[in-house]
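Me: I have a model open beside me and would like to learn how to read it. Could you take me through it feature by feature?

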Amino acid sequence: MNVLLDNLDIFVTGFRNTLIMFFASGLIALVLGTIVGTFRVSPVAPMRALGTLYVNIVRNTPLTLIFFFFVFGYPKLGLPRADYIVLAIIALSVYTATYVAEALRSGINTVPLGQAEASRAIGLTFGQSMTLVVLPQAFRAIIPPLMNVFIALLKNTTIAAGFSVLDAGAIRAYLSERGEPQLIVLLWVAAIFVALVALLSWAQRALEQKWRLAR
């Protein structure tokens, strides 16, 4: 307990940055992944091809390489300077969006085809059919896999520690300079991560229960 209390400033800063990256990346990935997932089932061939290309390239690229691109390649593009934590959020968002898209695509496939056809028959466009009929049902179906994606995102934030971001993954390195026992530090970091994952699992169960009752 002394390790935690004596270094509370580092723990608070590290997990604060971790949560900032998690919530920001999660929101962006959810929006981007929904767009890409919609592209994947679009009746327009170029949109399907674009969505497939994005998913296949980004999802099959190691996340560390995506971090390398944004942290070291971005400054060479002549674009406005950005903090490392902002670049980390972009890298995490771009990568996680592919998994959101695939989870959403699987959810869309669970919606009976007749519902989409009926919505088109009454004059709804593809976009209106997706937003009003298909996506609401698809999101209900993908709560468990989508929450698994967000749990993976939470743990993936630790990669940012290797790119000059003081997050939970960097706490051990900082406290080793203070002479703290590294094993105890790692155990505390792991315990906090377990608590955060348990909180996400509780949120998953609550959403499943709420939407099950709403049906």
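This is a predicted model: local features need pLDDT of at least 70, side-chain atom pairs count only at pLDDT 80 or more; totals for chains, interfaces and linings use all residues.

Me: How many helices and strands does the chain have?

Reply: Helices (H or I, at least four residues) and strands (E, at least two) are DSSP runs, numbered from the N terminus. Here there are ten helices and zero strands, giving the pattern α-α-α-α-α-α-α-α-α-α along the sequence. Along the principal axes, the C-alpha atoms fill a box of roughly 70 × 50 × 25 Å.

Me: And what share of the residues is buried?

Reply: A residue is buried under 20% relative accessible area, exposed over 50%, and partly exposed in between (1.4 Å probe, protein chains only). In this chain of 215 residues, 39% are buried.

Me: How do I read a pocket?

Reply: Rolling a probe the size of a water molecule over the atoms shows where empty space is left. On a 1 Å grid over the protein atoms alone, a pocket is an open set of points where a 1.4 Å probe fits, with protein on both sides within 12 Å along at least five of seven lines; lining residues have an atom within 4 Å of a point. Grid points are joined across faces, edges and corners, and a volume is the space filled by probe spheres set on the points. The largest pocket here holds about 360 Å³ of space.

Me: Which residues lie nearest the centre of the largest pocket, and which helix gives the most to its lining?

Reply: There are 16 lining residues, and those nearest the centre are Phe22, Phe23, Met147, Phe150 and Leu200. Helix α2 gives the most, with six residues, while α2, α8 and α10 (182-214) each supply at least two. For the class of each residue, Ala, Val, Leu, Ile, Met, Phe, Trp, Tyr, Cys and Pro count as nonpolar, Asp, Glu, Lys and Arg as charged, and the others, Gly among them, as polar. The lining has 15 nonpolar residues, one polar and no charged ones.

Me: How many salt bridges are there?

Reply: Side chains of opposite charge can pair when their charged atoms come close. The rule asks for a side-chain nitrogen of Lys or Arg within 4 Å of a carboxyl oxygen of Asp or Glu, and the count comes to three. Arg40 pairs with Glu102, their closest N and O atoms being 3.0 Å apart. This pair links distant parts of the chain, with Arg40 in helix α2 and Glu102 in helix α5 (residues 84-108), 62 residues apart.

Me: Which other partners does Glu102 have?

Reply: Glu102 also meets Arg59 in a salt bridge (3.9 Å, N to O). That pair links distant parts too: Glu102 in helix α5 and Arg59 in helix α3 (residues 45-59), 43 residues apart. Glu102 and Arg105 form a further salt bridge (3.0 Å, N to O); both lie in helix α5, three residues apart, about one turn of the helix. Through shared partners, the salt bridges join Arg40, Arg59, Glu102 and Arg105 into one network.

Me: Are these residues buried or exposed?

Reply: Arg40 and Glu102 are both buried; Glu102 counts as buried because its relative accessibility is 14%. Arg59, at 28%, counts as partly exposed, and Arg105 is partly exposed with 27%.

Me: Which residues make the nonpolar surface patch?

Reply: Patches are made of residues with over 30% relative accessible area and no salt bridge; nonpolar side chains (Val, Leu, Ile, Met, Phe, Trp, Tyr) are joined within 5 Å, and like charges within 9 Å. Accessible areas come from the Shrake-Rupley method with a 1.4 Å probe; for residues, only the protein chains shown count as cover. Leu27, Val31 and Ile35 make a nonpolar patch of about 280 Å². Ile35 lies in helix α2 (residues 8-40) and is partly exposed, with a relative accessible area of 42%.

Notes:
Residues are numbered from 1 along each chain as its sequence is written. Side-chain values use heavy atoms; hydrogens and water are left out.
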